[in-house]
Amino acid sequence: MIMKVAIIGAGMAGLSCAITLEKHGITPFIFEKRAGVGDRFVNAESMFHILNRPVKNCVPYLREKFGIRLDPLTKVSQIEIHSKHEKGVISGDIGYLNIRGRHEDSYDRQLRDQVSAPIEYHSEQEYETLCKGFDAVVLATGDAEYACRLGNFRADFTGSVRGATVTGSFQADTPHVWFDCDVLPKGYGWVIPYSDQEANVVMFSPDYPSNIKRDHEEMWNQFYGMVSQDLHQPFRITDQFSFKHYIVGICNQPKLENTYFTGNCFGAVSPGFGFGQFTSILTGVYSAYDICGLGDYAELTKPLRANYENSLILRRFLENMTNEDFDFVAKNINMKLISRFVNNLCDSEGRMDLLKDVTPLMKLFNRLQEGKNR
Ligand SMILES: Cc1cc2nc3c(=O)[nH]c(=O)nc-3n(C[C@H](O)[C@H](O)[C@H](O)COP(=O)(O)OP(=O)(O)OC[C@H]3O[C@@H](n4cnc5c(N)ncnc54)[C@H](O)[C@@H]3O)c2cc1C
């Protein structure tokens, strides 16, 4: 029997699902609310090997195992970690940088070019209507809205993101991350270059009452000033974006009857550092496997759920750290022995599953800190 499958959302998860369905003889109907694939602000994102264990190297893995081709901008060979008073560097074959959104080389557009089925743009089709006419519906809208509406989402926290594209001078293979509890309490900020002349400067702030009370604009100005100072340059802003109160959480059931929750509808965004691309692609592929009778979606997504839960512990761990703790980490990461250990850990050849293996220690730290604050 030929299945009639609707995919709502032509992003990372929806398109990965479509590619996989087509490989197995099913042509899906794809509904996208925007005017085109990736029709939104341009930003740079990353995939780090250490966060996707047991997979060693995500890009060849996706190509060899699922036939999904991604061409990143560059490899990451260094990450600079900035704390209040220190700077640490991790080096090695750490992962990849890529571009998203309205850019001809974006991952969104690379995936679109691997799909043959037509995409209905400017779609106003609602799930409630589509699920009556299709054998399976894949929710891939990049947010938790439908999962919440169906009572199928556990929201863990919300957060606000503010970012800009800037021109300046950058080392194209080196992203930066900032932890400063005075400037971004319980949050963090980052710079990801797209080239040696352009980068994204972004901050994330979880919506706790003390953060909500703060003036977001002032927080941004402080963070932006800190980045300019640490990277020794005045940048020129060419574009800006912001989201308020984005829900981070995970669906209760990855599949309800013949409805599949994929990408951010599944809970792809990892609470620790907001990575979600790799999980979004996997959930897209796994939903297609289930539809084609090649696997069980709930079983296939179990490790992704476990990864999410571990990453939530990492988030709490980061929130419990003080500026002294971050200074200690940034300073000591440069010590020869520690740096060799950390570099090996993060490398594509590294075997350790940091999230899984360090979770008991982070849990203990969280318990101690939360006990102190009680
Ligand atoms: C600023 C920022 C930085 C990030 N950085 C990283 C990073 O460095 N590394 C990383 O791994 N992840 C990162 N992420 C997370 C990652 O981008 C997401 O997890 C991933 O893109 C989610 O894929 P998706 O398929 O669920 O959603 P998307 O790729 O966003 O696709 C959703 C699609 O659905 C469409 N849509 C929405 N509603 C409807 C509707 N009702 N009907 C039809 N179509 C609809 C949208 O227009 C969109 O095209 C970042 C996210 C942001 C916002």
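R40, E45, R100 and D108 are linked in a network of salt bridges. A salt bridge is taken here as a side-chain nitrogen of Lys or Arg within 4 Å of a carboxyl oxygen of Asp or Glu. Side chains of opposite charge can pair when their charged atoms come close. By this rule the count comes to 19 salt bridges. The structure is a predicted model, in which local features need pLDDT of at least 70 and side-chain atom pairs count only at pLDDT 80 or more, while totals for chains, interfaces and linings use all residues. Residues are numbered from 1 along each chain as its sequence is written, and side-chain values use heavy atoms, with hydrogens and water left out.

Helices (H or I, at least four residues) and strands (E, at least two) are DSSP runs, numbered from the N terminus. R149 also meets E145 in a salt bridge (3.0 Å, N to O). Here both partners lie in helix α5, four residues apart, which is about one turn of the helix.

How open are these side chains to the surroundings? E126 counts as partly exposed at 35% relative accessibility, R149 as partly exposed at 43%, and E145 as partly exposed with a relative accessible area of 45%.

A further salt bridge joins R154 and E309, whose closest N and O atoms are 2.9 Å apart. R154 lies in strand β8 (residues 153-167) and E309 in helix α10 (residues 302-320), so this pair ties together parts that are 155 residues apart in sequence. R154 is partly exposed, at a relative accessible area of 30%, and E309 is partly exposed as well, at 28% relative accessibility.

Attention now turns to strand β7. Which way do the side chains of β7 (residues 136-139) point? A136 and V138 point one way, V137 and L139 the other way, and all are buried. In a regular strand the side chains alternate between the two faces of the sheet. Two strands are said to pair if DSSP finds at least two bridges between them. Strand β1 (residues 5-8) pairs with β7 in the parallel sense over four bridges, and β7 pairs with strand β14 (residues 259-261), again in the parallel sense, over three bridges.

Two loop residues complete the picture. K186 has a phi near 60°, a positive value in a residue other than glycine. K186 is found in the loop between β9 (176-178) and β10 (188-193), where it is partly exposed, with a relative accessible area of 35%. E257 has a positive phi of about 50°, although E257 is not a glycine. The loop that holds E257 runs between β13 (255-256) and β14, and E257 is exposed, with a relative accessible area of 76%.

Definitions and conventions. Buried < 20%, exposed > 50% of the residue type's maximum accessible area, 1.4 Å probe, protein only.
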